[in-house]
Amino acid sequence: MQPFTTLTSTPAPMKVVNVDTDMIIPKQYLKTIKRTGLGTALFSEMRYKDDGSENPDFVLNQPAYRKAEILVAGDNFGCGSSREHAPWALLDFGIRCVISTSFADIFYNNCFKNGILPIKVTPQQLDMLFDDAERGSNATLTIDLASQTIKGPDGGEITFEIDPFRKHCLLNGLDDIGLTMEKGTKIDAYEEKLKQRAWA
């Protein structure tokens with residue numbers, strides 16, 4: 001998993017509340033277990049017209065936000081079913097950070113497991129970030145995970161809370177497999193003891 005340390009990007013504003021996982025990645029794309037290739041299907045029902053052409057009104061199709069790595073979203077982002085394909089699609093598109101006032105618990109946990117930083121802010125802070133995001137390519141946000149800060153284009157700064165263990169995992173690029181591998185020496189020693197007991 002790619003470590004998350006600092007990130008500077010134009011933020012994309014998505015002023016929609018209760019964005020569920022079916023909106024993030026519709027069910028017809030859930031047949032694969034690969035984590036790659038889902039970026040083109042991200043928000044597909046909003047991103048594309050019925051004929052398959054792009055919807056120019058959708059935020060991620062607009063020139064200023066096509067390469068956005070930060071998504072500023074409405075309340076209760078990621079609600080609905082517990083599909084891990086949702087963070088996979090976000091990450092494959094290039095989104096590394098989602099900022100909202102609240103997240104569905106399962107989606108929130110899945111983000112950390114896949115290298116995406118979900119940040120919770122107050123409604124007032126979210127309004128400020130929407131204002132920044134709506135300035136398009138004229139404004140960028142910088143997320144500094146070590147200092148737990150969001151720096152705005154005009155020098156303003158917002159601090160955010162994060163669980164220390166999750167912070168450690170993101171900073172070091174540790175998913176569940178990586179965490180297990182960190183304990184590789186102890187696991188090997190334990191297995192060696194088991195072998196010796198079996199031969200005793």
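**Getting to know strand E4 and its sheet**

Trainee: Let's start in E4: which residue there is the bridge partner of Leu71?

Mentor: Helices (H or I, at least four residues) and strands (E, at least two) are DSSP runs, numbered from the N terminus. This is a predicted model, where local features need pLDDT of at least 70, side-chain atom pairs count only at pLDDT 80 or more, and totals for chains, interfaces and linings use all residues. Residues are numbered from 1 along each chain as its sequence is written, and side-chain values use heavy atoms, with hydrogens and water left out. In E4, Leu71 has as its bridge partner Val98.

Trainee: How is the crossover from E3 to E4 handed, right or left?

Mentor: Strand E3 (residues 70-73) pairs with E4 in the parallel sense over 3 bridges; two strands pair if DSSP finds at least two bridges between them. Between E3 and E4 the chain passes through helix H3 (residues 85-93). A crossover is right-handed if, with the strands pointing away from the viewer, the path from the first strand over the helix to the second runs clockwise. This β-α-β crossover is right-handed.

Trainee: Are the residues of E4 buried or exposed?

Mentor: Cys97 and Ile99 point one way from strand E4 (residues 97-100), while Val98 and Ser100 point the other way. Buried means under 20% relative accessible area, exposed over 50%, and partly exposed in between (1.4 Å probe, protein chains only). On both sides of E4, these residues are all buried.

Trainee: Which residue in E5 is the bridge partner of Ile99?

Mentor: E4 and strand E5 (residues 117-120) run parallel, joined by 4 bridges. In E5, Val98 has Pro118 as its bridge partner. For Ile99, the partner in E5 is Ile119.

Trainee: Which are the edge strands of the sheet?

Mentor: The open sheet has 4 strands in the order E2-E3-E4-E5, with parallel pairing. An edge strand here pairs on one side only. That makes the edge strands E2 (11-14) and E5.

Trainee: Now over to Lys151: why does it count as partly exposed?

Mentor: Lys151 lies in strand E7 (residues 149-151). Leaving aside its neighbours within four places in sequence, Lys151 is in contact (heavy atoms within 4.5 Å) with Thr140, Leu141, Thr142, Gly156 and Glu157. Lys151 counts as partly exposed because its relative accessibility is 39%.
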